Amino acid sequence: MPATRIVAPAKARKGEVIEIKTLINHPQETGFRRDNVGRAIPRDIITRFTCTYAGEEVFRMDLFTGVAANPFVAFTTIATETGDLVFEWTDQHGTVTREQARIVVT
Amino acid sequence: MTSRRRQRFAVLAGLALGLAPLLVAGQERAIAPSDLRSGREFVSPETQAQQDDLTVNPGMLWVEQGEKLWREAAGEAGQSCAACHGEPSRLKGVAARYPVYDAKLGRLLNLEGRIQHCRAERQKADPLAYESQPLLALTALVAHQSRGLPMSVAVDGPAQPFFETGRALYHERQGQLDLSCTQCHDESWGKRLRAERISQGHANGFPIYRLEWQTLGSLHRRLRACFQGVRAEPPASGAPELLALELYLAWRAHGLPIETPAVRR
Amino acid sequence: MRRGLEGMSRRTLLAGTVGILVLPLIGDRALATPDSMAEAMDEVLGKGARIKPGRVKIELPELAENGNSVPLKLSVESPMTAADHVKALYVFSERNPVSNVVRFHLGPRSGAARVQTSIRLAATQRITAVARMSDGSLWSGTADVIVTQAACLDET
């Protein structure tokens with residue numbers, strides 16, 4: 001499983017707009033590069049990233065070859081309730097990397 | 001001694017002690033200490049921001065991985081790094097004085113070498129190769145503990161012969177382009193090479209996230225790329241020449257803050 | 001005449017050695033053209049869709065440090081309420097081998113229409129971002145970026 005990094009507040013006030021940042025260690029290989037003997041390096045990319053908050057999808061990102069390696073995203077969401085933030089990265093083969101973080105909302 | 005004279009003596013003594021590493025081996029520095037500039041000063045504001053903000057710095061992926069590996073049991077004895085060393089924060093200051101001469105081993109060790117040695121001899125675990133994810137992660141973790149601290153290596157005593165070797169290599173013309181490190185990084189820093197400004201070639205941010213590599217990489221990888229840049233055969237990562245050069249570079253960068261994980265182009 | 005570079009800063013003009021070259025990362029794949037971008041936009045936004053310039057703020061450096069990774073910030077002024085919000089942000093390239101770069105799907109739970117990522121740029125070009133609003137309207141913003149080749153070869 002690729003390494004991931006999630007920066008999200010552990011606590012927030014209800015109604016506060018919070019910022020979440022995520023990173024995933026992935027080459028996001030375009031398929032256009034060639035190795036040192038001229039063979040095309042096959043495409044291998046993450047195609048989708050979602051953030052689900054207490055069961056509801058609050059953010060989705062569609063990634064193509066033009067997203068830089070080790071895909072990074074910063075986005076916002078409203079702190080509505082205490083619950084789990086679930087992050088899922090899906091690659092072109094359908095493999096899912098899943099991480100979660102808990103947020104306490106007062 | 002009057003108190004004022006004592007004061008003046010203290011100031012001069014302090015200055016001498018502070019300047020001693022700069023004057024060691026009678027070596028005059030090509031770049032005056034006040035002109036020392038980290039590689040950070042030669043990248044764009046956006047790249048600087050990417051380095052400075054640890055919540056976006058991609059190198060932190062490896063630092064976090066390093067934290068996990070630090071606590072993982074490894075090798076025959078099933079010991080983790082934490083079992084002997086405690087928390088990673090206990091290693092604050094270590095990276096600032098590397099590379100070091102290890103008397104027991106009788107050789108120069110950089111951070112990678114130290115970790116490789118611990119891994120092989122203490123944990124009796126599988127060796128870690130240069131540029132492998134685990135070695136990058138652990139090196140980044142340890143060096144990151146010294147982020148903000150000034151580089152300060154010892155180049156006297158048993159380290160001195162290695163320092164001399166490194167200095168000689170730094171000034172030796174290499175490759176088809178017949179260029180030495182000093183020609184670009186001492187004589188031409190700040191000038192443009194195509195669309196880029198030449199840096200002073202300091203090694204205070206390694207391992208770095210290099211945009212050209214699209215991943216984190218070691219100093220030895222970067223040095224090998226420099227050799228390729230002048231069309232010279234690069235030494236292997238971990239080779240004595242690169243270790244000696246690393247020591248010389250650390251001396252050159254005396255006083256510059258460690259920036260690991262730095263972001264460079 | 002390359003459109004969009006008339007506003008290039010004096011600093012860039014005086015740089016002198018700025019080269020506009022293709023990066024190795026695209027191998028032998030042809031670069032996209034503004035026509036293929038137009039095709040991609042038709043497919044995603046609907047053929048003949050009316051896109052109004054404005055409201056979308058796109059931040060990219062004028063000069064990319066390295067085309068492999070260029071930081072991109074997008075923001076749209078919007079109350080982000082159920083009745084009035086940004087539903088999606090689409091980013092298009094006129095010169096990358098693939099015209100679709102990235103898409104973001106937002107909603108009333110986003111709180112703000114503000115995202116950041118890092119993208120690849122195969123060559124000097126104009127990047128276009130289009131916002132689809134909850135009322136169906138489309139707005140766009142653009143940014144021009146100069147991309148140069150690395151000074152020294154690195155084959156490590």
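How many residues of chain C are in contact with chain A, and how many of chain A with chain C? The legends below begin with that contact.

This is a predicted model, in which local features need pLDDT of at least 70 and side-chain atom pairs count only at pLDDT 80 or more, while totals for chains, interfaces and linings use all residues. Residues are numbered from 1 along each chain as its sequence is written, and chains are lettered from A and ligands numbered from 1 in the order in which they are written.

**View 1. The contact between chain C and chain A.** In chain C, 28 residues are in contact with 24 residues of chain A (two residues are in contact if their C-beta atoms, placed from the backbone, lie within 7 Å). On the side of chain C that touches chain A, β5 (100-105) and β6 (113-119) of chain C each supply at least two residues (helices, H or I with at least four residues, and strands, E with at least two, are DSSP runs numbered from the N terminus). This side of chain C has 11 nonpolar, 12 polar and 5 charged residues (Ala, Val, Leu, Ile, Met, Phe, Trp, Tyr, Cys and Pro count as nonpolar, Asp, Glu, Lys and Arg as charged, and the others, Gly among them, as polar).

View 2. Strand β6 (residues 72-78) of chain A runs antiparallel to β6(C), joined by 2 bridges (two strands pair if DSSP finds at least two bridges between them). Opposite A:Val73 stands C:Thr117 of β6(C).

**View 3. An open sheet in chain B.** The sheet has 3 strands in the order β6-β5-β7, with mixed pairing. Its edges are β6 (215-217) and β7 (262-264) of chain B; each has a single partner strand, so one side of each is left without a neighbour in the sheet. On average, neighbouring strands are turned by 35° against each other, direction ignored (axes are lines fitted to C-alpha atoms). Strand β5 (residues 208-210) of chain B pairs with β6(B) in the antiparallel sense over 3 bridges. B:Ile208 has B:Gly217 of β6(B) as its bridge partner.

**View 4. The two domains of chain B.** Domain 1 (31-52 + 154-264) and domain 2 (60-144) divide chain B (the bounds come from an automatic or database domain assignment). Their centres, taken over C-alpha atoms, are separated by 22 Å. In domain 1 of chain B, 21 residues are in contact with 20 residues of domain 2 of chain B. On this side of domain 1, β6, α9 (219-229) and α10 (240-252) of chain B give two or more residues, and α10(B) gives the most, with 5 residues. By class, the side comprises 13 nonpolar, 6 polar and 2 charged residues.

Methods. Axes are lines fitted to C-alpha atoms, for helices over the stretch in contact, and angles run from 0 to 180 degrees between N-to-C directions.
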